[in-house]
Amino acid sequence: MQTQQLEAFWMPFTNNRAFKANPRILVAAKDMYYTSADGRQILDGTAGLWCVNAGHGRQKIVEAVQKQVAELDYAPPFRMGHPGSFELAERLIALFPEGFDRVFFGNSGSEAVESALKIAIAYHRVRGEASRTRLIGRERGYHGVGFGGISVGGMANNRKFFGSLLPGTDHLPHTHNLEKNAFSKGQPQWGAHLADELERMVKLHDPSTIAAVIVEPVAGSTGVLVPPMGYLERLRELCTQYGILLIFDEVITAFGRLGATCATEYFNVVPDLITMAKGITNATVPMGAVLTRKGIYDAFVAAASERAMELPHGYTYSGHPLACAAALATLDVYQEEGLFDRAKELAPYWQKCAHHLKDLPHVIDVRNIGLVAAVEFESIPDRIGDRGTFCLQRCFEKGLMVRATGDIIALSPPLIITKEQIDRLFAIFAETIQELP
Ligand SMILES: Cc1ncc(COP(=O)(O)O)c(C=O)c1O
């Protein structure tokens, strides 16, 4: 590609100047591999952006989308419907743990988060507790890029450019502590007490002002933070005690990533709302969704007159026919191939391979859960992120896609990965770590 061809596109979450000087262009993908513009096979160590859980170019999904676009390209979701969105909502409720009875559709994780936050605040209002408007997130949380999401999110760089954000938010402390938890395999032992900070906030703000707490059960984009044993349970207890809705942002963790349908199932802690996106369509067509616990929708219905809509919120592309077709076919693939169980079976091998990196130079932590792992490098003083960026680039040159957040490398391959491919992935990664500046 000519350099000038790259200029017009203002790339998201990218150092545009660096990328355009040294582009990494992908032109095709099949199963576990991308093909780069220079014709090389790149092993996908990240399922795209944590989203291509069934691997690339899956025939069944491709055909479902092709058929749908030819049959019904679009149907308005306001006051109109099409069969796919109703069928998909039913399938999701059947697939996810007991206790949820409605699905609201958007087009991304960010929209799912905005929808969940709005539903939470509105839920209290329709029940006569309109003073419950405060939203509590967590330091280092990532909930997409809407104003709600960045306000409850806790990644400073994603917030500082954008003014005063939503009023009335607060943040729990994050759970990342290398002194206590470095090189944990699965859930760390230390840190459940950090959930008790919610109690302090309840005292400060009073429960009558708090609508919801939102957390990623396993924080992904911030560099893979696995919840300490007992932490999510404690959050659930406190939210129940104080009438606060608990939202699990499962945009990364739903659809098999942990070796279960979702983190709610994996940790056996049930929130009031679940956000999802990414793996819902295997990333072929954008889609996000919110699953709501029994009783939430009913509260809206009870409060609205028969002639009024219950929730004035939605998107032109809520439940888009192509996304629904893609999602239905994706769920079939997950089920027919038992991919969530496959992830569970591979997880011990994955863990073993990841922790083999422990003694390599500059490695200060390895952490993992399900088919996710992160390796944290000691940062070079005044050059934070350089080792992560170097690693991403060198791995790509050697035929492996990894994800870098600062000096943390996250790995989250498609769930179809084989043991041989896991070996290859970690071999390239280990070789690259030896070359770090
Ligand atoms: C937990 C979580 N929530 C929300 C989002 C935002 O999703 P999207 O980029 O589809 O808007 C992400 C994206 O990585 C995520 O990891």
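**View 1. Packing of helix α14 against helix α16 in the predicted model.** In this predicted model, helix α14, spanning residues 339-355, and helix α16, spanning residues 419-434, have axes that come within 10 Å. Their axes cross at roughly 20 degrees; because angles under 35 degrees count as roughly parallel, α14 and α16 are therefore described as roughly parallel to each other. The crossing in which α14 passes α16 is right-handed. On the α14 side, the contact is made by Y349, W350 and C353, and these residues meet K419, I422 and F426 of α16. Sorted by class, this contact of α14 with α16 comprises five nonpolar residues, one charged residue and no polar residues.

**View 2. Packing of helix α15 against helix α16.** Helix α16 also has an axis that comes within 10 Å of the axis of helix α15, which covers residues 386-397. The crossing angle here is roughly 130 degrees, and α15 and α16 are therefore oblique to each other. This crossing of α15 and α16 is right-handed. From α15, the residues C391, R394 and C395 meet I428, F429 and T432 of α16. The contact of α15 with α16 divides by class into four nonpolar residues, one polar residue and one charged residue.

**View 3. The contact between domain 1 and domain 2.** The protein chain is divided into two parts: domain 1 consists of 3-54 + 337-434, and domain 2 consists of 63-173 + 210-218 + 244-336. Taken over C-alpha atoms, the centres of domain 1 and domain 2 are separated by 27 Å. To their contact, domain 1 contributes 18 residues and domain 2 contributes 17 residues. On the side of domain 1 that touches domain 2, the elements giving two or more residues are α2 (47-50) and α14. Of these, α14 gives the most, with five residues. By class, the residues on this side of domain 1 are twelve nonpolar, four polar and two charged.

**View 4. The shell around the ligand.** The ligand is surrounded by 14 residues. The closest of them are S108, G109, S110, G144 and V251. Helix α5, which runs over residues 109-126, gives the most to this shell, with three residues. The class composition of the shell around the ligand is five nonpolar, seven polar and two charged residues.

Terms used. Residues are numbered from 1 along each chain as its sequence is written. This is a predicted model: local features need pLDDT of at least 70, side-chain atom pairs count only at pLDDT 80 or more; totals for chains, interfaces and linings use all residues. Axes are lines fitted to C-alpha atoms, for helices over the stretch in contact, and angles run from 0 to 180 degrees between N-to-C directions. Helices (H or I, at least four residues) and strands (E, at least two) are DSSP runs, numbered from the N terminus. Angles under 35 degrees count as roughly parallel, over 145 as roughly antiparallel, 65 to 115 as roughly perpendicular and the rest as oblique. A crossing is left-handed if the near helix is turned anticlockwise from the far one by less than a right angle, and right-handed if clockwise. Two residues are in contact if their C-beta atoms, placed from the backbone, lie within 7 Å. Ala, Val, Leu, Ile, Met, Phe, Trp, Tyr, Cys and Pro count as nonpolar, Asp, Glu, Lys and Arg as charged, and the others, Gly among them, as polar. Domain bounds come from an automatic or database domain assignment. A residue is near a molecule or strand if its C-beta atom, placed from the backbone, lies within 6 Å of it.
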